Amino acid sequence: MNPYLQAAINEIDQLHCKEKFIVKDLFKGYAWNRIPKNERLTLGSLFLDWVNNSNSGVQKLEKNSSHQQMYRKL
């Protein structure tokens, strides 16, 4: 599994129930900025696929005004 995806999945445990987030929120600012842009885009796709195809406890929401996919922890 992609190590960035695993790190994002692990970080979901730190969120409160019903808390909204984007994938970027699951990383510290400097950690997110160190991920190359093409890998961040791939990570977003992998995370969405994980949410859609597993019992993730995460709900996909509408995209925000910056066209980033929003999620909610259930």
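1. The predicted model contains an open sheet of 3 strands, arranged in the order 1-3-2 with antiparallel pairing.

2. Strand 2 and strand 3 (residues 69–73) run antiparallel and are joined by 4 bridges. Two of the residue pairings can be named. Lys60 stands opposite Tyr71 of strand 3, and Gln59 has Arg72 in strand 3 as its bridge partner.

3. The connection between these strands also deserves attention. Strand 2 and strand 3 form a hairpin, with 5 residues between them. Within the turn, His67 has a positive phi of about 65 degrees.

4. Which element lies across the strands of the sheet? Helix 3 (residues 37–53) lies across strand 1, strand 2 and strand 3. Relative to strand 2, helix 3 runs at about 125 degrees.

5. Helix 3 also packs with helix 1 (residues 3–11). Two packed helices are described by the angle between their axes and the distance between the axes. For helix 1 and helix 3 the angle is about 55 degrees, and the axes are 9 Å apart. Helix 1 is therefore oblique to helix 3. The crossing of helix 1 past helix 3 is right-handed.

6. Which residues make the contact between the two helices? Helix 1 contributes Tyr4, Leu5, Ala8 and Ile9, while helix 3 contributes Glu39, Leu43, Leu46, Phe47 and Trp50. Sorted by class, the contact of helix 1 with helix 3 has 8 nonpolar, no polar and 1 charged residues.

7. The structure holds 5 aromatic pairs. One of them is formed by Phe47 and Trp50, with 5.5 Å centre to centre and 45 degrees between the planes, a tilted arrangement. Both Phe47 and Trp50 lie in helix 3, 3 residues apart, which is about one turn of the helix.

Definitions and conventions:
Residues numbered from 1 in each chain as written. Predicted model: local features only at pLDDT ≥ 70, side-chain atom pairs only at ≥ 80, totals over all residues. Heavy atoms only, no water. Pairing = 2+ DSSP bridges. Contact = heavy atoms within 4.5 Å. Axes fitted to C-alpha atoms, helices over the stretch in contact; angles between N-to-C directions. Parallel < 35°, antiparallel > 145°, perpendicular 65-115°, else oblique. Left-handed = near helix turned anticlockwise from the far one by under 90°. Nonpolar A, V, L, I, M, F, W, Y, C, P; charged D, E, K, R; others polar. Phe/Tyr/Trp six-rings, centres within 6.5 Å; stacked < 30°, edge-to-face > 60°.
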